[in-house]
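Student: I have a model open and would like to talk it through with you. Could we take the strands, then some charged residues?

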Amino acid sequence: VSDARTIALLRGFSTIYVLGNATFGAGDDLTGFLIQGQNAARTQLTLGADATITNVDIREASVTGTVDGNAILRNCYVINITYFTGFLYQCEIAGTITLGGNAQADILSCYSGVAGTATPTIDMGGSGQALGLRAYSGGVKIINKTGPESASIDLISGQAKIDLTTCTGGKIV
């Protein structure tokens, strides 16, 4: 990754194409780059907590791991991500998204990737994170909201399940 970053910066490129799968970890700095996969079925990206992905834009990949630093995921299959701050746009969600970073997370025009009665989960991370869930389709479950921040849920179709035992603070509209 460091070689690809060095070459890209020397040549003035801002996109790194990933053919197949990739794992990013300690020492991998992708700050400001567009990471372009082949598609969600052919490219699996695993993001370690120690990878630097500030302001990264990830497209056309399955994504799991730690997604912080105001990242944008577009047209991705989101399995399980933690400490999410940034934007998900037109993504299929099939696991748990755990918010963090004391910033608003925006999930825009996304949809559930879970068939049947099970649903993807958004863990609000306790206190400090706001949520804008806009133009969502399918089921979603909201858990672990204890702070005063607001969450907005706008559904195209589907259902929102609120866990009232762990959602005890703020407003969910």
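Predicted model: local features only at pLDDT ≥ 70, side-chain atom pairs only at ≥ 80, totals over all residues.

Student: Changing topic to charges, how many salt bridges does the structure hold?

Tutor: There are four salt bridges in the structure, and one of them joins the side chains of Arg-5 and Asp-29, with an N to O distance of 3.4 Å. That pair links distant parts of the chain, since Arg-5 belongs to helix H1 (residues 2-11) while Asp-29 sits in the loop between strand E2 (22-24) and strand E3 (34-36), 24 residues apart.

Student: Which residues are linked in a network of salt bridges?

Tutor: The network links Asp-57, Arg-59 and Arg-74. Asp-57 forms a salt bridge with Arg-59, where the closest N and O atoms are 3.0 Å apart, and another with Arg-74, where they are 3.2 Å apart. Asp-57 lies in strand E5 (residues 57-59) and Arg-74 in strand E7 (residues 71-74), so this second pair ties together parts that are 17 residues apart in sequence.

Student: Why does Asp-57 count as buried?

Tutor: Asp-57 counts as buried because its relative accessibility is 13%, and the cut-off for that label is under 20%. Arg-59, with a relative accessible area of 29%, is partly exposed, and Arg-74, at 26% relative accessibility, also counts as partly exposed.

Student: What about Asp-163, which is buried yet has no salt bridge: how far away is the nearest side chain of opposite charge?

Tutor: The nearest side chain of opposite charge is that of Lys-141, 4.8 Å away, whereas a salt bridge would need the nitrogen and the carboxyl oxygen within 4 Å. Asp-163 lies in the loop between strand E16 (150-162) and strand E17 (171-172), and its side chain makes a polar contact with the side chain of Thr-165 at 2.6 Å. Leaving aside neighbours within four places in sequence, Asp-163 is in contact with Lys-141, Ile-142 and Ile-143.

Student: And with which side chain does Asp-123 make a polar contact?

Tutor: The partner is the side chain of Asn-144, at 2.9 Å. Asp-123 lies in strand E14 (residues 121-126) and counts as buried because its relative accessibility is 15%. Beyond residues up to four places away in sequence, Asp-123 touches several others, among them Thr-96, Leu-99 and Ile-143.

Student: Last one: is Lys-171 buried or exposed?

Tutor: Lys-171, which lies in strand E17, counts as exposed because its relative accessibility is 57%. Not counting residues up to four places away in sequence, Lys-171 touches Lys-145, Pro-148, Glu-149, Ser-150 and Ala-151.

Conventions: Residues numbered from 1 in each chain as written. Heavy atoms only, no water. Helix = DSSP H or I, 4+ residues; strand = E, 2+ residues; numbered from the N terminus. Buried < 20%, exposed > 50% of the residue type's maximum accessible area, 1.4 Å probe, protein only. Contact = heavy atoms within 4.5 Å. Polar contact = N/O pair within 3.5 Å; in protein donor to acceptor, adjacent residues only side chain to side chain. Lys, Arg positive; Asp, Glu negative; His and termini not counted.
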